[in-house]
Each structure stands twice: as structure tokens, then as C-alpha cells.
Amino acid sequence: MADQKISVSIVLGKATRAARLNLASLLVTALVMSAPVYPLWHPDIYRAAYESIGPSALIVLFTCVGWITCSCLLYGAFQSAAGKRVGIGASLSHGLRLAMPVLPLTIMLGLTGGLLELAYVVPGLIFETLFTIAIPIAMIERPGWAISLWRSFKASSDIWLTLFIAWGLLLGAGGMVDLICSFDEICHERVVIWAVEWLLVLLWPLIAIVFACSVAVAYAEIRQRTDGISAEQIAQRLDRSA
């Protein structure tokens, strides 16, 4: 297994199984961390936000909240990737405790990713492909921001196409809407586009869970191949840190 190439099927398959293992705990954590976008679940408020701050500001807001939510889900995601059950309290409290020290890095990555999303989407997805792993690196290995970003870039570059496809499949629906609207300025006024984006906001907690699990799986697969460190060992280290 250690010699098997990291593939899209491995990342998404293991992420889906991990998400199912502790779905209730991860869902509560995702719902709590998604609280800033709760008002937007109401269609009228969502439309009002569209008209007041504009779709570009909403994209940056959703991207930033998404990165923060993902970082808080990583504790439960790593436990799930290791095949361990985790309770709601542990998922939420340990997740928040581990995410707080890397919050400035997470916000910086979220804002940068959100702004790049405005440039026809693809640059934002490429940025996420190369630098998302910086969050678990900073959280687990604690080498500092600069080294975390460099290690993420170096490790992700080797499997960038796998991560690009895997995360593109998870985040692609919203990206496609944003891409279409990048070429059609009035598309946000169309009921279908507006309804699809509102539905994606509604489904975001579930998407965030699978995405966080895929990040945990990708990081664990990289560490297994480069350092011989298993997912179980990573989960144990997070337990000690929390």
C-alpha cells in the first residue's frame, strides 16, 4: 500500500468512509462553525445580501468561512481517517482548540483563496490545491507559517493533479456557477443561478465535512509515503496536542 500511487479514488473513497464514520459529530462541528452564514439560509436574506454587498464579496466571505470551518473539522477528520470514533464534544472542543493557533494562517489563506476565486475561479482552486495542506502541517508539525506553506507547496506539487481533480469535484459546483458568472455579469439576476448558489450554501456543512476528511486523508497519505507515519499515529499526536 505504501508504494501505491495517491489517486483521486483513494482520496475521495477514504474521505467518504471517514465522513460517514463520525458524521453526527462532524456535522455538529460544521454547523457551529458555519454560524456566520446561517442568516443566508433564508432566501430573502440571501437575495438581499446579493443586492447589497454583491456576489464578489459573498464569494470571499464563503471561501474564508470555508477555510476556518475546515480547520476546525480536522481533529474529527483525522480521527475518522484513522478509523476512530469521536464524540460531539471532543470533535467540537478539540477541533476548536487545535484550530485557534493556526487561525491567522487560515484567515490569510481563506482571504487569498477567495480573492483568487474572483479571477475566473481556476486560480483559486489551484491555490487551494497547493496550500490547503499547510493547515494540517502547521497544526500537527508546528514549523511556523513560512515553512508550513513551503512544505505544503512542495508536497502538493508532486500530486497536484490528483488534488486538483479531487477537490475540484467536491467544490466544483460552486466554482462552475462563479465561472459562468465571470463571463456573464447579469447571470446572478437569473432565478436558476441564484437558487443553485443558495442550495450550495444550504449544503455547505456536508460539503465541508467531506472536504476536511479529504484534506486529512491527503496529508496522511503523504506522511505515510514520505515519513512512514500512519494515520493512527497522526490521530494519536493530535489527541496529545488537544
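**Reading pockets, pairs and burial**

Guide: The second largest pocket holds about 310 Å³ of space, a volume being the space filled by probe spheres set on grid points that are joined across faces, edges and corners. This is a predicted model, in which local features need pLDDT of at least 70 and side-chain atom pairs count only at pLDDT 80 or more, while totals for chains, interfaces and linings use all residues. Residues are numbered from 1 along each chain as its sequence is written, and side-chain values use heavy atoms, with hydrogens and water left out.

Visitor: Which residues that line the second largest pocket are the closest to its centre?

Guide: Rolling a probe the size of a water molecule over the atoms shows where empty space is left. Here a pocket is an open set of points on a 1 Å grid over the protein atoms alone, where a 1.4 Å probe fits, with protein on both sides within 12 Å along at least five of seven lines, and lining residues have an atom within 4 Å of a point. There are 16 lining residues, and the closest to the centre are Arg-151, Ala-155, Ile-222, Arg-223 and Thr-226. Helix 11 gives the largest share of the lining, seven residues, and helix 8, helix 9 and helix 11 each supply at least two; helices are DSSP runs of H or I with at least four residues, numbered from the N terminus.

Visitor: How do the residues of that lining divide into nonpolar, polar and charged?

Guide: Seven are nonpolar, one is polar and eight are charged, where Asp, Glu, Lys and Arg count as charged, Ala, Val, Leu, Ile, Met, Phe, Trp, Tyr, Cys and Pro as nonpolar, and the others, Gly among them, as polar.

Visitor: How many salt bridges does a search of the whole structure find?

Guide: Side chains of opposite charge can pair when their charged atoms come close. The search finds five salt bridges, each a side-chain nitrogen of Lys or Arg within 4 Å of a carboxyl oxygen of Asp or Glu. In one of them, Lys-14 pairs with Glu-221, with the closest N and O atoms 2.6 Å apart. Lys-14 lies in helix 1 (residues 8-21) and Glu-221 in helix 11 (residues 191-227), so this pair ties together parts that are 207 residues apart in sequence.

Visitor: Which residues are linked with Glu-141 in a network of salt bridges?

Guide: The network links Glu-141 with Arg-151, Arg-223 and Asp-227. Between Glu-141 and Arg-151 the closest N and O atoms are 2.6 Å apart; Glu-141 lies in helix 8 (residues 134-141) and Arg-151 in helix 9 (residues 145-158), so the pair ties together parts that are 10 residues apart in sequence. Arg-223 meets Glu-141 at 3.2 Å, N to O, and, with Arg-223 in helix 11, this pair ties together parts that are 82 residues apart in sequence.

Visitor: Is Arg-223 buried or exposed?

Guide: Arg-223 is buried, at a relative accessible area of 10%, since buried means under 20%, exposed over 50% and partly exposed in between, with a 1.4 Å probe and protein chains only. Arg-151, at 36%, is partly exposed, and so is Glu-141, at 21%.

Visitor: Which residues are in contact with Ala-15, leaving aside its neighbours within four places in sequence?

Guide: With contact taken as heavy atoms within 4.5 Å, and those neighbours left aside, Ala-15 touches Val-210, Cys-213, Ser-214 and Val-217. Ala-15 lies in helix 1 and is buried, at 0% relative accessibility.
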